[in-house]
Amino acid sequence: MQLDIDIEAWPDADWEELAGKAAEAAAVVKLSLANERLIVSILFTTDTEVHELNREWRKRDKPTNVLSFPMLTAEELSELAPDGPPVMLGDIALAHETCASEAADKGITLANHASHLIVHGLLHLAGHDHVETDAQAAAMEALEITALAKLGIADPYGDRT
């Protein structure tokens, strides 16, 4: 998978390297993401920008931590041949202020939280969801936990009772 990364208003850090490692970990748990033809755009931006995107595309008038906009269905992704021209899988946008606040609330680094949200966004682009049923949520969380473990990041859902 190729990443097209744009960084706006995030603190100085190697967000490109972090995104690359998160994408590699996601591709280990969801093999369809390992297709070299895929292109994913990742925007590291502000709450204001994500709020606008959320309002325009999701009809939700509030910021959120991460948005994903798939351009392929799960079926199209699973049927994508390994050879051929590049194919856009979709876009991911991360909101700095919300991500930083959530990381602080959880007592984790912004880098670890951003890695989690990138994995989360990539799984959405691959067709996973967590809204419709508890089973969907559990399946998606299990993939996230496995991917994050490959990055040395603790289970983000481990504090649930």
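These legends accompany several close-up views of a predicted model. Local features are given where pLDDT is at least 70 and side-chain atom pairs at pLDDT 80 or more, while totals for chains, interfaces and linings use all residues. Residues are numbered from 1 along each chain as its sequence is written, and side-chain values use heavy atoms, with hydrogens and water left out.

**View 1. The open sheet has 4 strands, in the order β1-β2-β4-β3.** Its pairing is mixed. The edge strands, β1 (2-7) and β3, each pair on one side only. From one strand to the next, the twist averages 15 degrees. Strands here are DSSP runs of E with at least two residues, and helices are runs of H or I with at least four, numbered from the N terminus. Two strands count as paired if DSSP finds at least two bridges between them.

**View 2. β1 and β2 (residues 38-45) run parallel.** Look for the 6 bridges that join these strands; aspartate 4 has serine 41 in β2 as its bridge partner. Of the 8 residues of β2, 7 are buried, so this strand is largely enclosed by the rest of the structure. Buried means under 20% relative accessible area, exposed means over 50%, and partly exposed is in between (1.4 Å probe, protein chains only).

**View 3. β3 and β4 run antiparallel.** Here 5 bridges join the two strands, and valine 66 stands opposite leucine 94 in β4. β3 is largely enclosed by the rest of the structure, because 4 of its 5 residues are buried.

**View 4. Helices α1 and α2 lie across strands of the sheet.** α1 lies across β1 and β2, at about 145 degrees to β1. α2 lies across β2, β3 and β4 (87-95), at about 45 degrees to β3. Axes are lines fitted to C-alpha atoms, for helices over the stretch in contact (heavy atoms within 4.5 Å). Angles run from 0 to 180 degrees between N-to-C directions.

**View 5. Glutamate 24 sits in helix α1 (residues 15-29).** With 57% relative accessibility, glutamate 24 counts as exposed.

**View 6. The largest pocket has a volume of about 410 Å³.** Its lining is made of 16 residues, and Arg58, Arg60, Val66, His124 and His130 lie nearest its centre. α2 (47-58), β3 (66-70) and α5 (110-125) each supply at least two lining residues, with the largest share, 4 residues, coming from β3. By class, the lining has 4 nonpolar, 8 polar and 4 charged residues. Nonpolar covers Ala, Val, Leu, Ile, Met, Phe, Trp, Tyr, Cys and Pro; charged covers Asp, Glu, Lys and Arg; the others, Gly among them, are polar. A pocket is an open set of points on a 1 Å grid over the protein atoms alone, where a 1.4 Å probe fits, with protein on both sides within 12 Å along at least five of seven lines; lining residues have an atom within 4 Å of a point. Grid points are joined across faces, edges and corners, and the volume is the space filled by probe spheres set on the points.
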